[in-house]
Amino acid sequence: MTATLFSLETDYTVDMAVMDNLDYLHKIPDESIHLIVTSPPYNIGKKYEKKALLEHYIAEQAATIAECVRVLHPKGSLCWQVGNHIGSDKEVIPLDAILYPLFKEHDLIMRNRIIWHFEHGLHCKYRFSGRYETIMWFTKSSDYTFNLDAVRVPSKYPGKKYFKGPRKGQYSCNPLGKNPGDVWVIPNVKANHCEKTIHPCQFPVELVERLVLALTNEGDTVLDPYLGVGSTVIAAIKNNRSGCGCDTVAEYIEIAWDRVNQYWEGTLKTRPMDRPIYDPTLPGGGQ
Ligand SMILES: C[S@@+](CC[C@H](N)C(=O)[O-])C[C@H]1O[C@@H](n2cnc3c(N)ncnc32)[C@H](O)[C@@H]1O
């Protein structure tokens, strides 16, 4: 069932459906989406997935990726956020390595392999505990949207000046802040995170917001074909972009609509992008 419940008179819309993503993507016109951000199942037997043979999983991903490439705008970006698949004998299989060739089959160009580092997760007994996942960012061409100024972070030494040479006395860093780099330290959504819902694997809204701000302009459309509880759509509408996506689990889409409505009512809590990481050595955790 597709439910375009709200089509706001402002310059963005929301469309979220309970649907398999291939069916959903088939309805979207060619080259109409400016940014795709998603986190697919990792084939590790979570509540919302059946663990399949790796070949089957890769074939399913290939079909969804092909449709995503079709709907992606020529100046658009595609961001696939993944962790590890755990194989037999508890072998760690990095999904970005496995899936990368599927994107190259479509001649997509990788712009960054972003490391998303977080502090919380399972404590492993027989290997080091996993504390990062990756975001593969691809574009269709070398003419793509990249708004660096929209996502700069505070410089380490904001008042630092050149002490010699022709620019002596001038500030040596950009007054708007520095490039955030490709290692992003952002808390994952665990039990005490303000965005936590019943979904076992939400990604944080602030992670998607950085991509939305950098890779799209106001009024553009952002799609998530594995939408879960709508974190991508929230990140889009918070920043005056249209958001759309689908999930096969009706309960997740209901929660996604609740979150969108809470956002419109001004009651939705999301972790702000500029909040420092909790540091137990500082008073109040440095918050
Ligand atoms: C890792 S979760 C994504 C969570 C999401 N990023 C969020 O913040 O809520 C993957 C989601 O993909 C959904 N899913 C799995 N197969 C699907 C398919 N074929 N079409 C649409 N959604 C699917 C699952 O129900 C699950 O909610």
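# Exercises on a predicted model

The axes of helix 2 (residues 54-71) and helix 3 (residues 95-104) come within 10 Å of each other and cross at roughly 35 degrees. The model is predicted. Each exercise below has a worked solution.

## Exercise 1: a helix pair

Solution. 

## Exercise 2: overall dimensions

Decide whether the radius of gyration of the protein chain agrees or disagrees with that of a compact globule.

Solution. 

- Step 1. Count the elements. The protein chain has 6 helices and 11 strands.
- Step 2. Get the reference value. For 287 residues, a compact globule would have a radius of gyration near 19 Å.
- Step 3. Compare. The protein chain has 20 Å, which agrees.
- Step 4. Along the principal axes, the C-alpha atoms fill roughly 60 × 55 × 40 Å.
- Step 5. Of the 287 residues, 31% count as buried.
- Step 6. Look at contact range. Take the contacts with a separation of 6 or more; residues 24 or more positions apart account for 65% of them.

## Exercise 3: helix 4

Explain why helix 4 counts as largely enclosed by the rest of the structure.

Solution. 

- Step 1. Name the buried residues. In helix 4 they are V205, E206, L207, V208, E209, L211, V212, L213 and L215.
- Step 2. Draw the conclusion. Because 9 of the 11 residues of helix 4 are buried, the helix is largely enclosed by the rest of the structure.
- Step 3. Identify the surroundings. The strands that the buried residues pack against are strand 3 (33-38), strand 4 (72-82), strand 7 (109-117), strand 9 (183-185) and strand 10 (221-224). Helix 5 (231-238) is packed against as well.

## Exercise 4: positive phi

Locate D89 and N240, and classify each as buried, partly exposed or exposed.

Solution. 

- Step 1. Check the backbone. D89 has a positive phi of about 60 degrees although it is not a glycine. N240 also has a positive phi of about 60 degrees, and is not a glycine either.
- Step 2. Classify D89. With 5 other C-beta atoms within 10 Å, D89 is exposed.
- Step 3. The loop between helix 5 and strand 11 (242-247) holds N240.
- Step 4. Classify N240. With 15 other C-beta atoms within 10 Å, N240 is partly exposed.

## Exercise 5: Y263, I186 and H26

Work out where Y263, I186 and H26 lie and how exposed each one is.

Solution. 

- Step 1. Y263 belongs to helix 6 (residues 250-265). Buried needs 20 or more other C-beta atoms within 10 Å. Y263 has 19 such neighbours, so it counts as partly exposed.
- Step 2. Excluding residues up to four places away, Y263 touches I234, I237, K238 and L268. I237 is 26 residues from Y263 in sequence and 8.8 Å away in space, C-alpha to C-alpha.
- Step 3. I186 is in the loop between strand 9 and helix 4. I186 has 19 C-beta neighbours inside 10 Å, so it is partly exposed.
- Step 4. Outside four places in sequence, I186 is in contact with W116, F118, P204, E206 and L207. Of these, E206 and L207 are buried residues of helix 4.
- Step 5. H26 is in helix 1 (residues 21-26). With 12 C-beta neighbours inside 10 Å, H26 counts as exposed.
- Step 6. H26 and I98 are 72 residues apart in sequence and 25 Å apart in space, C-alpha to C-alpha.

Methods: Residues numbered from 1 in each chain as written. Predicted model: local features only at pLDDT ≥ 70, side-chain atom pairs only at ≥ 80, totals over all residues. Helix = DSSP H or I, 4+ residues; strand = E, 2+ residues; numbered from the N terminus. Contact = placed C-beta atoms within 7 Å. Axes fitted to C-alpha atoms, helices over the stretch in contact; angles between N-to-C directions. Rg over C-alpha atoms; globule rule 2.2 N^0.38 Å.
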